[in-house]
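Have the structure open as you read.

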Amino acid sequence: MLQKREKVLLLRTFHGRTLRIVREHYLRPSVPCHSPLCPQPAACRNDGKLLTSDVTHYVIPDWKVVQDYLEILEFPELKGIIFMQTACQAVQHQRGRRQYNKLRNLLKDARHDSILFANEFQQHCYLPRERGESMEKWQTRSIYNAAVWYYHHCQDRMPVIMVTEDEEAIQQYGSETEGVFVISFKNYLDSFWPDLKAAHELCDSILQSRRERENESQESRGKEYPEHLPLEVLEAGIKSGRYIQGILNVNKHRAQMEAFVRLQGASSKDSDLVSDILIHGMKARNRSIHGDVVAAELLPKDEWKGRTTALGESDNEDKASGESPSEPMPTGRVVGILQKNWRDYVVTFPSKEEVQSQGKNAQKILVTPWDYRIPKIRISTQQAEALQVDFRVVVRIDSWESTSVYPNGHFVRVLGKIRDLEGEIATILVENSISVVPFSEAQMCKMPVNTPENPWKVSPEEERERKDLRKTHLVFSIDPKGCEDVDDTLSVRTLNNGNLELGVHIADVTHFVAPNSYIDTEARTRATTYYLADRRYDMLPSILSADLCSLLGGVDRYAVSVMWELDATSYEVKKVWYGRTIIRSTYKLFYEAAQELLDGNFSVIEDIPEFKDLDEKSRQAKLEELVWAIGKLTDIARHVRAKRDRCGALELEGVEVRVQLDEQKNIHDLIPKEPLEVHETVAECMILANHWVAKKIWESFPHQALLRQHPPPHQEFFSELRECAKAKGFSIDTRSNKTLAESLDKANDPSDPIVNRLLRSMATQAMSNALYFSTGSCAEEEFRHYGLALDKYTHFTSPIRRYSDIVVHRLLLAAISKDKKMEIKENLFSNKELEELCRHINNRNRAAQHSQKQSTELFQCMYFKDRDPETEERCISDGVIYSIRTNGVLVFIPRFGIKGAAYLKNKDGLVISCGPDSRSEWQPGSLQRFQNKITSTTTRGDSVTFHLFDHVTVRISVQASRCHSDTIRLEIISNKPYMIPNTELSHQNPLLLKSELVKEVTKSVEEAQLAQEVKVETIQEEYQEYCQTKGRSLYLLLEEIKDLALLDVSNDYGV
Amino acid sequence: MAGLELLSDQGYRVDGRRAGELRKIQARMGVFAQADGSAYIEQGNTKALAVVYGPHEIRGSRARALPDRALVNCQYSSATFSTGERKRRPHGDRKSCEMGLQLRQTFEAAILTQLHPRSQIDIYVQVLQADGGTYAACVNAATLAVMDAGIPMRDFVCACSAGFVDGTALADLSHVEEAAGGPQLALALLPASGQIALLEMDARLHEDHLEPVLEAAARAARDVHTLLDRVVRQHVREASVLLGD
């Protein structure tokens, strides 16, 4: 039974009075010890995570160690860590929620070998605090006492090491009990993990930054920033509307001056503010960092400022502020930070010369983050000397005192060299908080095997429970050529009653990935497969993604199917069936072949391996069957699509995807004229399946289903689109998705197809992103998907590469068993958990998109870097002006898919002018900006005007930067379209060039590495470690398609 | 608010109990000789004293007498020193009136009032220390006191509170848990029949969660019943020994 004790607490009330509070404290004879050595596992009730048994000792960190060195304890190499409850509470109360949540996640993480022992609730471990004993002493005493108990509990079989920072404790307890050692943390690392270099470095840097901070707080110099207000005041202020809560967004191009607070939540409804709030200058930003949730106070109206619309160059932004800013907007200052969103930052050390100018204190160094939006960080490290030479380094921010201009941080680890491909890719990953360690052995050993000696088979139990479609249905898949991970297959057949049956069969990933298994946890953390320009990081191990879950042709596979019974003529849905099935895909077609079959061109059958071994007669019969199925599918898809179009589905992806598909075919030397209808057919079937699954799970679990919403856009964001279209004489009606789709179709300049493409991409930019959400968290009207014009939508069809689909699969299967009145075996996520998960997945998707974009830019820069822009033919290209700024224009280069700024006024104040041969030169003069044109007039009286959608010739060069990523620089060299001498080249498209570009860059990097023979080995290892394909791969091609397409809408199609 | 973690990831509450566990309950019957019935209960640090007089003739205005059953009169008060901050609590304030009414409803449902027409039963409850779940403690103390007075009842009335934190129902809330401001439900149960004598909740709780919370409160009330039953038996045994002498 429980034993009751009483604890007396003295608390201070808000009014400053002390209050004596008596709280109960219950002790129990046994709490879970989570050790495999436990003599009475039944009594301890050890469910859940256990410590591994292959450790030589257990480590028990003291409270101080947990508070200060948690980052080191997070290393997966450290095993057998027992966190005492006392220590956890010390973190919770003294270090705040952020660090405590880190600790909680660490404990929850099945991959990390650490547990929590609730020592304060164990009757033999609990020690009441004695009168006059300091909190710190008591905590250390409790932890030591618990450590001793734990050692005896495991029957003295496993030595226990308590690591502490308290010298007295080491003295006092060091030799008190045999088998329980008390040593300092540094000592522990030295003696047990001498090889773990990263941990040692991290430890040193933490130690140093702590010492610095202590010194600093003693100094207490004059304040640089006003203090933040206490949280209660902020909360009250937000409620009363005095302060405004929002997320701080720093303007990338003017990181020193401009930041915006994006309104968030309830505060925007009450106040009549519509736009963001401008935070001008570092002082007003008051130590908040990009991404923090802040509370801001509005300044009086006469202090409001306008945002600058001029193009700024990152290095001389303040000086170039001669232009008159636009009209004033609400301006404010930050009064407090509600939630800090600090992450790991990639930084670069200053070069040697800069260090000297930084002055006397060589221990403290100001480093420059890779991300422009993050202020410089002051770190103290002894490795500065070694790291100065061009390394990218990860640091963390520790604190930002009001007395300090810059935040304090500490060094964490080295990523790689500047301008080295691997180093730069690692930078992109860290900056997007993507961690891609290879799958561990523990994770892999749970995976099924499929080797020639030990082939994977359909198990008899599953055969009994699943519907067997192997004999009855003609199932086939249509994918890009060479695709490895086939998520989806299709089938169609006529039923006995004359109706049609359409089936979509999706790989049954959840069969192999049990909830909360190692693989599941890992997949959840990754949330999606990451595609970078030259490689990909899979969400699931390849045994699943490319083999057992992939619905390849001619083999038995598990699937989750949705089957509709459709009316034979009207294609109305009569019935729908969901369930687990076994299928054997008969044909693994690729798009082009399917299109040829559809068009009645049977010459392609030579390309289809399934037909090879058949004799003429059966081949003919099979072919007819397949052609009928594809034809029928297309017919159904047309109907479904037409129905959706009537509701106003947007075809934003239309032109662009088509362009790219053309391009893709260029790669295959096919050069067709029109886009393939098969693509749409497959996409439409997937949308249909997603839609029906969304309806099903929402009906079964109205409060905890995962759906995808696409909120309607704000009309004001469309103003730029409308104005641009007006410049070309088109009118765009943005009132609803239907009118928008129609007017976009009409806005087509026959002489210049790029205009329509640009308009469509502007329309996409104006729209908000589609997001996952939990149905319990918002009202039913908000479920709509604007782009697809569906009332409910989810992602169901790509469980191999998206975690959201795995969740939806589980929901669907639970819904099926609920229908059958069976008990739901799996633990579904509650609304709150699901909401949390959706946020995580949305975040990860965003990170995936960013990293993909950044890696493409990286490759572009590497491509152009080695070329001399003055002489090289390729660096000169045709560009289209798509936006006008006060001192320049934004240009889109269709050939490379690059968007960028070109200045009409350079740093010396000279403006561009074009001579009679249309060559441009810099002349003194002035610029005049109109709504859709910009005129540059020189002092000599010549003038040149640039209109929206004008074609110009630009020279592409790379602006190298040491601390940040290199950027592409555009320079207008002529106001006439670029004439390409070689006509063949003009037909080549960006995609082809881009994939070539990636290949070329990769190749040159490899060559460089081969030259340095020392390095070769490590790089090879890395390639093996990540198991990534080099150079041009299928994923690369796929990604190119997605890249230029409107990102999110194309995702929705499950392509 | 930094906020206390009411339910840790390991399933412990602030005071070390698990979600369904009660606080320590100690009770005594017959603490005052001059009253007809009396009892004292401690539920954790919540301490309450109940005294019962009656059934006796109607005091005061005769008009209040009921022709077919007894009148149950309940009065609740709480000591100045019952909470952390000393605070004078005048008689007849809103809170104690409400509590008195709730007690009255509870006991009208449990006492066989039709056996004593035109008479009155007085139940006085005083809370000496309040640490969460005062209503439950008052009901449990009053049950014992009514039994001590020998007034016939249908069954024990056992009460317990329950709350809802992070998707889990917590039984028998302490003051810390109540103060956190989550939904809180008070339930008085007639354990043998499973009938509910009183159910009260004054916070918002999603309909889907009501069932588990109700279930937790009912289970806790049954546990309370086991304990109270033990106390009554012990008391009767002691009393019979005394009488035997």
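## Nonpolar cores

A nonpolar core is a set of buried Ala, Val, Leu, Ile, Met, Phe, Trp, Tyr and Cys residues joined through side-chain atoms within 4.5 Å. Buried means under 20% relative accessible area, exposed over 50%, and partly exposed in between, with a 1.4 Å probe and protein chains only. This is a predicted model, in which local features need pLDDT of at least 70 and side-chain atom pairs count only at pLDDT 80 or more, while totals for chains, interfaces and linings use all residues. Residues are numbered from 1 along each chain as its sequence is written, chains are lettered from A and ligands numbered from 1 in the order in which they are written, and side-chain values use heavy atoms, leaving out hydrogens and water.

The largest nonpolar core has 94 residues, and those touching the most other members are A:Phe476, A:Leu544, A:Trp564, A:Leu589, A:Leu597 and A:Phe796. Helix α22 (residues 677-700) of chain A gives the most to this core, with 11 residues; helices (H or I, at least four residues) and strands (E, at least two) are DSSP runs, numbered from the N terminus. A second, separate core of 73 residues includes A:Ile72 and A:Tyr144.

Helix α13 (residues 421-431) of chain A has 11 of its 11 residues buried, so it is largely enclosed by the rest of the structure. Among them are A:Glu422, A:Glu424 and A:Glu431.

A:Ser433 lies in the loop between α13 and α14 (441-445) of chain A. Its phi is positive, about 55°, although it is not a glycine. At 39% relative accessibility, A:Ser433 counts as partly exposed.

## Two crossing helices

Helix α17 (residues 518-526) and helix α27 (residues 831-865), both of chain A, have axes that come within 8 Å and cross at roughly 60°. Axes are lines fitted to C-alpha atoms, for helices over the stretch in contact, with angles from 0 to 180 degrees between N-to-C directions. α17(A) and α27(A) are therefore oblique to each other; angles under 35 degrees count as roughly parallel, over 145 as roughly antiparallel, 65 to 115 as roughly perpendicular and the rest as oblique.

## Where the chains meet

Contact (heavy atoms within 4.5 Å) links 27 residues of chain A with 26 residues of chain B. The area buried between chain A and chain B is about 2,200 Å², with carbon and sulfur atoms giving 44%; buried area is the accessible area (1.4 Å probe) that two parts lose on being put together, summed over both.
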